[in-house]
Amino acid sequence: MASRAEGAFSNRLAVALAARRHLCVGIDPHAPLLDAWGLPDDASGAERMGREVVAAAAGVAACVKPQIAFFERFGAAGFAALERVLADARAAGVLVIADVKRGDIGSSFAAYAAAWLTPGSPLEADAMTVTAYQGFGSLSGAFDLVRDHGKGLFVLAATSNPEARAVQLARREDGRTVAQAMVDDALAFASPLDRHVNSVGVVLGATLTLADFGIDIELPPAKPALPVLAPGFGHQGARAEDALGIFGGLGWALLANESRSILAEGAPGLAGRVRARSEAIGEALSRG
Ligand SMILES: O=C(O)c1cc(=O)[nH]c(=O)n1[C@@H]1O[C@H](COP(=O)(O)O)[C@@H](O)[C@H]1O
C-alpha cells in the first residue's frame, strides 16, 4: 500500500512531471461541445464526456480538471454526474483538480474544502482551485486536509482573462502586485508530505508572461517546486512551443491546461489528441 506521502497529490504529481506529463485535460462540457460529440445537453451528456476524457487521460496526461460550472448548471443531476466522473478518475488513478474556484471567510471556506478534499467525500478530488480575494489566511480551513491527507490547492494569481489585470496588477501597501503576493504566499506554504513539488500552487494564465504581471520568482525555483496550473493553451491562444518563454524556470512543475482545443473535434480520435497534446507540451518543456 502506498505510504501517506507517496499517495499525496504533490508526490503523485511529481511522478507524472518526472515522466514529462504536463498536460491537464479540461473537462468542460459546454453545450456546443456536447452537440459536437452527439451528446444531449444534460447531465447524462456531461457525464459521458467526463468519463471519456478520464479514460483518454489515464497514464497519458498529468491530470484532468473538471470545470464545476458545466455540471452545476444541471443542478443535483449534474453533481451526481460529476461524482461518477470523479469515481472513474479515482479508480483509474487519474489526478483530479476540481476547478471550483472557492473562497470565503474561514469557516465557510472550510466547508468548501471539506466537500472537495475530504477522503471519502462524494465529490473528493485531489486538489481544488481557490480564490484568496478574502486573504490567503482565509484558506486555512483547507490546510489540515492538505498536510494530513495530501491534498492540493491552486490559488488564482494571474488569470488568463484580460479583465483580471486591473485587480491582479494592483499594488498592495508593501509594493508587491496582488499576483506576486499570491505566488509568495503559495511558495511559503509547507507540508511535511511534500518532496519535490509543493502542495499549494498557483494559477498563472498562459496568455501573458510573468513579467506582464510583475511576477518575479527567484530561480531556480525553491524546493519543493511551485506547481503552476496554466490555462490559456489551445483555444485561448497560447502555444505549447511558447511555454518556456512564458514560464521560464517554472516550467518543471507546469500543468498546461487545454479544454476546448482537445474536446471540440468530438469523441472520435480523443485519445490520440490527448496523447499528441501531452507529447507536444512535454517536449516543449524538456528543452528548458
Ligand atoms: O482556474 C482555471 O482553470 C482557469 C483560470 C484562468 O485564468 N483561465 C481559465 O481559462 N481557467 C479555466 O481553464 C479552462 C480553459 O478552457 P479552454 O479555454 O477551453 O482551454 C476553463 O475551465 C476556465 O474556467
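The shell around the ligand is made up of two nonpolar, 13 polar and four charged residues, where Ala, Val, Leu, Ile, Met, Phe, Trp, Tyr, Cys and Pro count as nonpolar, Asp, Glu, Lys and Arg as charged, and the others, Gly among them, as polar. The model is predicted: local features need pLDDT of at least 70 and side-chain atom pairs count only at pLDDT 80 or more, while totals for chains, interfaces and linings use all residues. Residues are numbered from 1 along each chain as its sequence is written.

In total, 19 residues surround the ligand, and the closest are Thr-159, Ser-160, Pro-231, Ser-259 and Arg-260; a residue is near a molecule if its C-beta atom, placed from the backbone, lies within 6 Å of it. Strand E8 (254-258) and helix H12 (260-263) each give at least two residues to this shell; helices (H or I, at least four residues) and strands (E, at least two) are DSSP runs, numbered from the N terminus.

Helix H13 (residues 270-286) comes next. Its buried residues are Leu-270, Val-274, Arg-277, Ser-278, Ile-281, Ala-284 and Leu-285, buried meaning 20 or more other C-beta atoms within 10 Å of a residue's own, exposed 12 or fewer, and partly exposed in between, with C-beta atoms placed from the backbone. These residues lie on the same side of H13 because they cover an arc of only 135° around the axis, taken from the directions from the helix axis to the C-beta atoms. The face turned away from that buried side carries the exposed Gly-272 and Ser-286. Packing partners of the buried residues of H13 are E1, helix H4 (43-57), helix H11 (243-247), E8 and H12, with contact defined as C-beta atoms, placed from the backbone, within 7 Å.

Note on methods
Contact = placed C-beta atoms within 7 Å.
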